[in-house]
Amino acid sequence: MKRRSWWSAIAAAVAMVLVVADPAEIHAQRLASAPSANAEPRLAVLLVVDQFRADYLDWYGAQWSQGLRRLMSGAVFPRATLPYAVSKTCAGHSTIGTGAYPSSHGMIDNEWYDTATRAFVSCTLDPTAESIAFGGARGSEHHSARFLGAPTIGDELLRQVPASRVVSIGLKARAAISLGGHGGPNATIVWEEDSGTWATSSAFASAPWPDIDAFVRAHPVARARGGTWQRQLPIASYRFDDRARGEPPASAVFPHLIDAPLGASFAAVWDASPLSDAYLGDMASGLANSMKLGQQGTDLLTIGFASLDYVGHIYGPRSHEVQDTLARLDVTIGRLLSTLDRTVGAGQYVVALTSDHGVALLPEQAGDVTGAQGGRVNLNTVGLAADIAISAQFGRGPYVASVSGTYIHFLPGVLNRLRASPAAMAAVEAGVRGVGGIERVYWSQDLAAKSPTDDPILTALRRSYFAGRSGDLAFLPRPNWVVASAGTNHGSAQPYDLQVPVLFAGWGIKAGRYTTAASPIDVAPTLAALLHIAMPRADGRVLGDALVR
């Protein structure tokens, strides 16, 4: 489990480098927009780029010439918006995979506070699932889809077309599982454990899959140790400053060393570089070849690219590091699409790309960029403010069990006492709103209610609310205020966290730039329509404007 506390450690530790191969030549054949004689595409590819802000298309799109550029020549929904409030990785990938709100699928956050055990629970934690590692390594983590309460597009494809195959790979377990689904005989779901070990679990397999095992053995991550991460493009191609306010110390500028400083994990440093995306892309290309994806039936390939998220947390969205990560991802996706052109056939597959969430500016830069000063919300201060307010009403506490993300969880029985005292509730609201950076608060009874509302924030919070996992009091940070002690973060209902791109290209897709309302929640229903399968639990819609009729 990669917790928030990791960011402050890695922000100080990441002074890195890396040598990446020169970009492959752009494949001459572009993805065709008209369907072939096939009734459906031979392969559906779902790419999720963690922390891809919508405005990156405008800010940095001119720097791309390969894979991302190819996808931008398809159907583009440039300002798709998450329809719910808690913009986190597990919630986002699960929503993309299922086409359902977090209130339906239950994966409300990367982790949540369990009031029964008084402990945090990872969204993919399953103590009964044993790690099955690849490459001769020994795994230690325990993951499954037991908390995922809705079927993914992969689940439905395997249920409705049993001969199909689903391959889902991701740097994070919560990405690979939330996109891939609950598993089955024809499902391959793989991730990297925090230690750097590539693994699946006994929830999905009984032994290492030979294709994955062969790839991991042939491509040891340790080979990258001691390399350097240089800018791929000429320095004049990059926007903004490389030594901008709020970024890590001046020593953490290009070039970056890919190695583990004292007290840091090499896997964490490697993850926070474009090498991890390139590894996933090459793994996908290798599996497309060895498993003959799209050559024996209709298959699904999903990839959860995560290095942009790690880099963005540390350096912020206006950094040269974020720009270079995207430029290198452009090359990685280009190589993958060229592989699929050869193995599946250009125009015989469809690709969708979207993101789980955006990210805020570094608070130190917000005032210069937007004119509105930013800051950092201290969760300990939030919890203390609530405790002090309640203590003034009921006597000395404690009353707060935990503050997680943007939720306060009270100790058992406290919420009922507060509900019986309007004065106490008002005092808590005032106390929490008095904390620096807090804009509004909402009680869980309002989040659970079904009554009509014209408050868009309340609507979004309701779509994120899941009884027993969500907290008792939700708070909304002010614009440009983040829950992070260093770097930046996401997770709010502010537009920069909610707006992401949605792109489609290939089989059955009508190219164009679409300004109609769209959301990542619509991606799975749209792909399902092309695959001629139903998504009965989905809340999203088919983006019919982008489909060839």
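A polar contact here is a pair of N or O atoms within 3.5 Å; within protein, one must be able to donate a hydrogen and the other to accept it, and residues adjacent in sequence count only if both atoms are side-chain atoms. By that rule, the D277 side chain picks up the backbone nitrogen of A306 at 3.3 Å. This is a predicted model, where local features need pLDDT of at least 70, side-chain atom pairs count only at pLDDT 80 or more, and totals for chains, interfaces and linings use all residues. Residues are numbered from 1 along each chain as its sequence is written, and side-chain values use heavy atoms, with hydrogens and water left out.

**Around D277**
- D277 sits in helix α10, residues 274-290 (helices are DSSP runs of H or I, at least four residues, numbered from the N terminus).
- Contact means heavy atoms within 4.5 Å, and beyond its neighbours within four places in sequence, D277 has such contacts with residues including F305, A306, T325 and T332.

**α10 against α12**
- The axes (lines fitted to C-alpha atoms over the stretch in contact, with angles from 0 to 180 degrees between N-to-C directions) of α10 and α12, residues 320-345, come within 9 Å and cross at roughly 5°.
- That makes α10 roughly parallel to α12 (angles under 35 degrees count as such).
- Among the residues that meet here are D277, G281 and S285 from α10, and T325, L329 and T332 from α12.

**α11 and what follows**
- Helix α11, residues 307-315, has nine of its nine residues buried (under 20% relative accessible area, 1.4 Å probe, protein chains only).

Conventions:
Helices (H or I, at least four residues) and strands (E, at least two) are DSSP runs, numbered from the N terminus. Angles under 35 degrees count as roughly parallel, over 145 as roughly antiparallel, 65 to 115 as roughly perpendicular and the rest as oblique. Buried means under 20% relative accessible area, exposed over 50%, partly exposed in between (1.4 Å probe, protein chains only).
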